[in-house]
Amino acid sequence: RPFAILEPKRGIPLEDYVERNGALGNEMLAHIAMQTGMIMEALNAVCGEIVLRSIKPANILLAEKGELMIADFTLAIFPDIPGHDADIDDEIVGTPQYLSPEQCAGSSDIRCQADMYSLGATLYFAATGTVPFSKLAVTNIFEAQCTRTLADPRKMAKNLAPALSILIRRLMAKKAVERYRNWTE
């Protein structure tokens, strides 16, 4: 079975950083998007496909010198290894505001696109300072993740670069096939 040895957490969670300092600028958003994608690409190169199911602002750590770390691999699954896919859970796991539609629907076919959706929701939060669907009850969040599209982040973050808005919206596409095929792409 693949495993990872993690060093102790260091850095400030993105969630805390945004709550203290407000929405992020374009350069920092692009850095977080690129670094997260590169980390996930590297993990997939070593482990085969891995789906963390826990990408969210609380688990993206901003460390010194622009380093970025992903914390919490406790919900990770390996869809290509028999017995290590989403069927291992009897219920939906993760933070509702950052779960992909396929996770909210209880699908057992969870692939890397689920983490991409979560990254998109994380970037949405970082760009706007607003947690996706935060004003809804948990059961309604699941439904909203499957059926409702968030407003274009540029409506809330006027200085957000169009390319970053497009990236966030593509990552948060309701259908997994409309997201990127893999982290390299």
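**How the helices pack**

In helix 1, the residues L14, E15 and V18 meet T122, F125 and A126 of helix 4; meeting, or contact, here means heavy atoms within 4.5 Å. Sorted by class, the residues of this contact come out as four nonpolar, one polar and one charged. For the sorting, Ala, Val, Leu, Ile, Met, Phe, Trp, Tyr, Cys and Pro count as nonpolar, Asp, Glu, Lys and Arg as charged, and the others, Gly among them, as polar. The structure is a predicted model, in which local features need pLDDT of at least 70 and side-chain atom pairs count only at pLDDT 80 or more, while totals for chains, interfaces and linings use all residues. Residues are numbered from 1 along each chain as its sequence is written, and side-chain values use heavy atoms, with hydrogens and water left out. Helices (H or I, at least four residues) and strands (E, at least two) are DSSP runs, numbered from the N terminus.

Two packed helices are described by the angle between their axes and the distance between the axes. The axes are lines fitted to C-alpha atoms, for helices over the stretch in contact, and the angles run from 0 to 180 degrees between N-to-C directions. For helix 1 (residues 14-21) and helix 4, the axes come within 9 Å and cross at roughly 20 degrees. That makes this pair roughly parallel. Angles under 35 degrees get that label, those over 145 are roughly antiparallel, 65 to 115 is roughly perpendicular, and the rest are oblique. Helix 1 and helix 4 also cross in a left-handed way, a term used if the near helix is turned anticlockwise from the far one by less than a right angle, with clockwise giving right-handed.

Helix 4 has another partner in helix 6. Here the axes come within 7 Å and cross at roughly 140 degrees, and so helix 4 and helix 6 are oblique to each other. The crossing of helix 4 with helix 6 is left-handed. On the helix 4 side, the contact is made by M116, Y117, L119, G120, L123, Y124 and A127, and on the helix 6 side by L167, I168 and L171. By class, the contact between helix 4 and helix 6 holds nine nonpolar residues, one polar residue and no charged ones.

What does the rest of helix 6 look like? In this helix (residues 162-171), L164, S165, L167, I168 and L171 are buried. These residues sit on the same side of helix 6, because they cover an arc of only 160 degrees around the axis; the arc is that of the directions from the helix axis to the C-beta atoms. "Buried" means under 20% relative accessible area, "exposed" over 50%, and "partly exposed" in between (1.4 Å probe, protein chains only). Turned away from the buried side is a face with the exposed residues A163 and I166. The cover over the buried residues of helix 6 includes helix 2 (26-47) and helix 4 (112-128).

S118 lies in helix 4 and, at 2% relative accessibility, counts as buried. Leaving aside its neighbours within four places in sequence, S118 is in contact with I55, Y98, L99 and Q103. Over in helix 2 there is T36, which is buried with a relative accessible area of 0%. Not counting residues up to four places away in sequence, T36 touches I60, L68, I70 and L119. Helix 2 also holds H31, but this residue is partly exposed, at 30% relative accessible area. H31 and E91 are 60 residues apart along the chain, and their C-alpha atoms are separated by 34 Å.

In strand 2 (residues 60-62) sits L62, buried with a relative accessible area of 11%. Residues up to four places away in sequence aside, L62 touches G11, I12, L14, Y17, M28, I32, E67 and L68. From L62 to Y117 the gap is 55 residues in sequence and 20 Å in space, C-alpha to C-alpha.

Finally, there are two loop residues with positive phi values. R53, in the loop between helix 2 and strand 2, has a phi near 60 degrees, a positive value in a residue other than glycine. R53 counts as buried, at 7% relative accessibility. F133 belongs to the loop between helix 4 and helix 5 (138-147), and its phi is near 55 degrees, again positive in a residue other than glycine. F133 is buried, with a relative accessible area of 7%.
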